[in-house]
Amino acid sequence: ATKCEESDPQTVEFAWDYDESTNVLTVNKEIIDVPGSGGEITVENVNATQLVLSQNIEVPGFGNQEVLLTLVH
């Protein structure tokens with residue numbers, strides 16, 4: 001994989017819990033480079049080729065915004 005900063009670690013450890021009844025993934029830290037992205041993240045869709053996550057976060061100067069992240073394999 002390619003990293004933006006060569007000095008960044010290759011992996012980052014974090015704890016998580018998934019509630020299948022609500023589709024909520026709870027993580028104990030920011031797992032993507034979006035300030036405020038830790039905590040409860042909604043799993044919008046998951047299949048063999050993609051994972052779609054969403055979360056409302058507070059963006060300074062813009063207020064509460066929904067962040068939609070699509071990861072593809």
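Q55 is buried, as its relative accessible area is 11%; buried means under 20% relative accessible area, exposed over 50%, and partly exposed in between (1.4 Å probe, protein chains only). Q55 is placed in strand β4. A polar atom of the Q55 side chain lies 2.9 Å from the backbone oxygen of E40. A polar contact is a pair of N or O atoms within 3.5 Å; within protein, one must be able to donate a hydrogen and the other to accept it, and residues adjacent in sequence count only if both atoms are side-chain atoms.

The model is predicted: local features need pLDDT of at least 70, side-chain atom pairs count only at pLDDT 80 or more, and totals for chains, interfaces and linings use all residues. Residues are numbered from 1 along each chain as its sequence is written, and side-chain values use heavy atoms, with hydrogens and water left out.

## Overall composition

The protein chain has five strands and zero helices, and from the N terminus on its elements run β-β-β-β-β. Helices (H or I, at least four residues) and strands (E, at least two) are DSSP runs, numbered from the N terminus.

Of the 73 residues in the protein chain, 15% are buried. Among contacts (heavy atoms within 4.5 Å) with a separation of 6 or more, 6% are between residues 24 or more positions apart. The accessible surface of the protein chain, computed by the Shrake-Rupley method with a 1.4 Å probe, comes to about 5800 Å², and carbon and sulfur atoms account for 52% of this area.

## Strand pairing

Two strands pair if DSSP finds at least two bridges between them. Strand β2 (residues 24-27) pairs with strand β3 (residues 39-46) in the antiparallel sense over four bridges, and L25 stands opposite I41 in β3. Four bridges also join β3 to β4 in an antiparallel arrangement, where V46 has L51 of β4 as its bridge partner. A hairpin through three residues joins β3 to β4.

Strand β4 (residues 50-59) and strand β5 (residues 63-72) run antiparallel and are joined by ten bridges. Here L51 stands opposite L71 in β5. β4 and β5 form a hairpin with three residues between them, and G61 in the turn has a positive phi of about 85°.

## A nonpolar surface patch

F14, W16 and Y18 form a nonpolar patch on the surface, together having about 330 Å² of accessible area. W16 is found in strand β1 (residues 16-19) and counts as exposed because its relative accessibility is 55%. Patches are made of residues with over 30% relative accessible area and no salt bridge; like charges are joined within 9 Å, and nonpolar side chains (Val, Leu, Ile, Met, Phe, Trp, Tyr) within 5 Å. A salt bridge is a side-chain nitrogen of Lys or Arg within 4 Å of a carboxyl oxygen of Asp or Glu.
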